[in-house]
Amino acid sequence: MQMNEIEAHLGAHAGRRTGPVILDLKNISLSFGGVRALTDISFNVKEHEIRAIIGPNGAGKSSMLNVINGVYRPQQGEIIYRGEHRRNMDCYAAAKSGIARTFQNIALFKGMTVLDNIMTGRNLKMKSNFLMQALYWGPARREEIEHRIKAEEIIDFLEIQAIRKTPVGRLPYGLQKRVELGRALAAEPEILLLDEPMAGMNVEEKQDMCRFILDVNDQFGTTIVLIEHDMGVVMDISDRVVVLDYGKKIGDGTPDEVRTNQDVINAYLGVEH
Ligand SMILES: Nc1ncnc2c1ncn2[C@@H]1O[C@H](COP(=O)(O)OP(=O)(O)OP(=O)(O)O)[C@@H](O)[C@H]1O
């Protein structure tokens, strides 16, 4: 993909509006024994927004995503999702309520094909029971066909038709990351959490991934929360950015506001606290 194509996507993207707050995190604190991973963090995410979480290594970014999708339970704070206070949220409940995620290290079934990996993202949507599925009988058969159609739509959207039958383990890293995005999209999430979607990619792969993230946001209306270390990417595609450092929030605003925030500049330059 050429740079002017990315710019065209960004231009189209800049025209759209974000909605009301869909996810509100208030005064979140999380510790592991004596390690304070997050201290009194508050920020919100608006519907249809691309919201980035940035910060130096160990700042608490992944912990924050894990709090949002119910992997970690914060000792303090409140999470309000679609106007409802969430208590005792676990991963399954978060996924059921429309929160999907990808991981820092690819978590796919390497021996399975691209299509089958994407189908695993449909699991929560499947209604027929195990016996019906095993017998491939009646409603289970119809359901399976519907899910396959959806998976094929995602494959077309991500332009990976040519590798749909290839075992994931044989694919280059950049394509595996794209398949992982496909599996998360298969759940038709309302909020998509992306943990370093461009880590380890070359320039061209990053440009493709940027385009897909913008297209997911534009075409499906999906709200996106992403952790990313590539500042160029973050500043280009995000509506707002929250900055963490040593588990504390040190900045929050538009890319331009964050770029000129002295605390953020200090954190990135390694200035002593
Ligand atoms: N499961 C855990 N058990 C103990 N400590 C943890 C755990 N998860 C995270 N931490 C600690 O919490 C702090 C924040 O870690 P976290 O992985 O959230 O940071 P990060 O900003 O995502 O870092 P990176 O950019 O390196 O991935 C670190 O000090 C880390 O060692």
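Q: Which helix gives the largest share of the shell around the ligand?

A: A residue is in the shell if its C-beta atom, placed from the backbone, lies within 6 Å of the molecule. Helices are DSSP runs of H or I with at least four residues, strands are E runs with at least two, and both are numbered from the N terminus. Here helix 2 gives the largest share, three residues. This is a predicted model, where local features need pLDDT of at least 70, side-chain atom pairs count only at pLDDT 80 or more, and totals for chains, interfaces and linings use all residues. Residues are numbered from 1 along each chain as its sequence is written.

Q: Which residues surround the ligand?

A: They are F32, V35, A37, G55, N57, G58, A59, G60, K61, S62 and S63. Strand 2 (35-46) and helix 2 (61-68) are the elements that give two or more residues to that shell.

Q: How do the shell residues divide into nonpolar, polar and charged?

A: Ala, Val, Leu, Ile, Met, Phe, Trp, Tyr, Cys and Pro count as nonpolar, Asp, Glu, Lys and Arg as charged, and the others, Gly among them, as polar. The shell has four nonpolar, six polar and one charged.

Q: Is N57 buried or exposed?

A: Count other C-beta atoms, placed from the backbone, within 10 Å of the residue's own: 20 or more is buried, 12 or fewer exposed, in between partly exposed. N57 counts as exposed because it has 6 C-beta neighbours inside 10 Å. N57 sits in the loop between strand 3 (50-54) and helix 2.
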